[in-house]
Amino acid sequence: MSDARRQEGPPWYLTFFGEDFWAVADHEYTPERTAAETDYLAAVLDASAPGRRVLDLGCGTGRHAVALAAREFGVTGADAGGWALERAQGAAKAAGVRADWLRLDLLRELPWPVGEFDAVVCVQSFGWGSDAQQLRLLREVRRVLVPDGLLILDHSNVLAIAGNYVPEATFETEGLRADFRRAYRVASGRSTGEIEVRRGDAEPVVIHDDVRMYQPAEVHDLLTRAGFTVERVDADFTVGREPAPTTRYVQFVARSRASTAAAITTWKGTREETRPSALDLRWSPDEIEFVRPWVDAAFRGAYDDGGLAELSRAYPLSDPYSADLAAPVLSGHFGLDLAPGAVTAGAGATGLLHACAALALPGPVLHLAGGHPDLPRWAARLGAGTITTRFEDLTADLDRHTPSVLVLDRPTITGDLFGRERLAEIAEAARACGTTVVLDEAYAVYAGPGASCVPAVAEHPNLIVLRSMSKGYCCGGLRVGFAFAAPELTQRLREIAPPLGAGGAGLAVALRLLARGDVFGALRTRIAEVKPVVARTLRRTGLKVTEGADCLPWVTVEGERDANPVWERHGVRVKEIGAGEAGFGGRPGDAVGVGRRDSPLYKIAVPLSEARLTAFRDAFADAG
């Protein structure tokens with residue numbers, strides 16, 4: 001049966017699971033079978049669910065929902081069949097238990113009008129729609145689950161069914177006859193057919209079905225793409241029994257991966273400030289004092305030459321990635337010959353990271369603990385798995401996981417400005433695994449253009465280097481960033497990166513500023529002068545401080561979680577990078593068990609202006 005025909009009229013499952021179907025199914029779903037399945041569900045929920053609120057998807061007549069409610073789970077049953085739900089309500093009343101019931105087409109009535117649950121169970125109710133609909137259903141399951149929520153998904157294993165598949169069969173018992181006629185289509189993986197049901201002297205009724213039959217590996221893939229981590233796969237409702245090709249019923253026990261916070265959310269306060277005038281050391285607004293002459297000159301020059309109105313009207317359709325315009329300036333800035341085919345301008349490093357997330361499909365993405373979270377987060381939303389690693393484990397984890405993309409921050413969060421030699425080793429190891437390396441150099445600008453790894457893109461066809469105008473230049477509002485890569489990789493990036501991402505006015509200023517070369521001499525001198533003072537002061541309070549490279553305007557502090565940490569007691573705000581494997585507020589289930597940081601990491605900007613440095617000294621005056 002074609003997809004077009006299947007979509008004519010209402011979905012088949014809205015009419016299939018009525019009184020006639022259940023007259024047949026009741027002989028298969030015996031009380032003994034239901035009790036054994038419920039024992040399994042309750043055991044898994046008791047052992048692994050974070051709470052007792054359970055949503056039963058495709059609950060039918062409530063055979064599992066009522067039994068779980070009797071075990072003091074708070075159950076909501078959802079099903080598309082009105083007749084079955086009425087029977088479920090009656091069963092709950094007869095059993096003297098309370099459950100909520102919701103009539104809902106789970107594949108089409110999205111988002112579901114339900115609350116939040118600790119666990120979702122779905123038994124013999126998977127495969128009614130297309131693969132895309134099943135993936136959407138699983139993502140909706142993840143939406144209604146609490147962080148760390150549990151899904152128990154049962155499905156019929158086509159590997160076991162195919163060996164015994166018969167196109168026609170008959171079931172007959174006293175007063176009931178059911179004739180099954182069906183066909184399994186290998187190319188689509190769907191079993192389509194009909195059941196002719198005769199009950200007593202009534203006219204026969206024919207009901208039609210169209211079910212996607214899955215191999216367990218296909219279900220595993222859908223769960224991963226939907227954002228779940230599969231913790232265990234069981235056979236025939238038996239905890240710990242490994243499925244075999246002949247296993248008829250396979251149960252996936254999967255946990256919802258927590259959505260990691262976007263980088264921008266770190267600017268939201270998580271606690272009340274201890275003082276209204278707290279010194280905010282989450283960023284370095286005062287670094288503009290050391291580059292302002294260059295920035296002001298770039299603005300004046302750009303606007304004097306072109307005029308703001310003319311620059312704003314610029315719409316270069318013939319140069320949608322601003323490569324022709326930017327390549328000569330960038331070549332001079334980095335001191336090498338960059339062809340337009342190696343340059344892609346976009347809406348800042350953030351916009352280019354968003355585009356690179358699509359390169360990560362199908363995944364997984366390998367990324368450093370404590371790294372910038374956005375690309376892994378966006379890739380996970382698209383269905384790619386994410387794996388956290390440590391810098392020293394990179395080569396081994398590349399070989400172990402063969403990721404689609406490796407994301408690196410240079411410098412690392414702790415200020416390691418690793419060199420081109422180390423990058424070359426990583427890029428070569430990644431290339432052997434078919435992995436694209438995305439190197440985020442947004443913070444490397446402090447070291448000057450001569451320290452950039454942009455020249456390495458000519459040597460490594462799997463390397464993308466990102467630069468922006470936000471750090472150091474203090475021109476994040478321009479929304480201009482650049483991606484550098486070999487021509488073939490640049491073409492792949494441009495297939496997904498939005499064209500015309502860099503505006504004419506911002507680009508004109510950015511290029512004039514870059515044409516000045518290294519403008520950070522005075523800033524580096526000030527950082528090198530002040531940073532040791534800040535580090536010593538913090539250490540005197542008992543903090544464990546990592547300074548990192550001399551040119552970087554921050555230090556990091558590793559410490560235990562404290563309801564009233566040292567800096568807050570001194571009226572200072574800092575940026576929490578987080579703990580756990582994700583390194584930025586994630587949790588152990590987000591990755592595969594590598595690179596875990598057991599204690600939180602905090603980033604503290606170095607106060608550079610005299611005013612902020614004085615405020616810092618005053619805040620920590622009692623530290624000695």
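In this predicted model, F16 has a relative accessibility of 4% and counts as buried, because that value is under 20%. W12, at 14% relative accessibility, is likewise classed as buried.

**Aromatic residues**

A pair of aromatic rings is described by the distance of the centres and the angle of the planes. The structure holds 23 aromatic pairs. One of them joins W12 and F16 in an edge-to-face arrangement. Another is formed by F126 and Y214, whose rings are tilted against each other. The geometry of these two pairs is set out below.

| Pair | Centre to centre | Angle between the planes | Arrangement |
|---|---|---|---|
| W12 and F16 | 5.4 Å | 75° | edge-to-face |
| F126 and Y214 | 5.5 Å | 40° | tilted |

The pair of F126 and Y214 links distant parts of the chain, as the two residues are 88 residues apart. F126 belongs to the loop between β4 (117–122) and α7 (131–144), whereas Y214 belongs to the loop between β9 (205–212) and α9 (216–225). Both partners are buried: F126 has a relative accessible area of 7%, and Y214 has a relative accessibility of 2%.

W12 and F16 also belong to one aromatic cluster, which is made up of W12, Y13, F16, F17, F21, W22, Y29 and W128.

**Charged groups over rings**

Aromatic rings also meet charged side chains. R52 is placed over the face of F73, at 3.8 Å from the ring centre. In the case of W554, the charged end of K603 sits over the ring, 4.3 Å from its centre.

Strands of a sheet pair through backbone hydrogen bonds, either parallel or antiparallel. Seven strands form an open sheet with mixed pairing, in the order β13-β19-β18-β17-β16-β14-β15. The edges are held by β13 (343–346) and β15 (386–389); each has a single partner strand, so one side of each is left without a neighbour in the sheet. On average, and with direction ignored, neighbouring strands of this sheet are turned by 20° against each other.

Within the sheet, β14 (residues 365–368) and β16 (residues 405–409) run parallel and are joined by three bridges. L366 has L406 in β16 as its bridge partner.

Two helices accompany these strands. Helix α15 (residues 394–401) lies across β14, β15 and β16, and runs at about 165° to β14. Helix α16 (residues 420–432) packs on the sheet and touches β16, β17 (436–440) and β18 (463–468). The direction of α16 makes about 150° with that of β17.

Note on methods:
Residues numbered from 1 in each chain as written. Predicted model: local features only at pLDDT ≥ 70, side-chain atom pairs only at ≥ 80, totals over all residues. Heavy atoms only, no water. Pairing = 2+ DSSP bridges. Helix = DSSP H or I, 4+ residues; strand = E, 2+ residues; numbered from the N terminus. Axes fitted to C-alpha atoms, helices over the stretch in contact; angles between N-to-C directions. Contact = heavy atoms within 4.5 Å. Phe/Tyr/Trp six-rings, centres within 6.5 Å; stacked < 30°, edge-to-face > 60°. Buried < 20%, exposed > 50% of the residue type's maximum accessible area, 1.4 Å probe, protein only. Lys NZ or Arg CZ within 6 Å of the ring centre and 35° of its normal.
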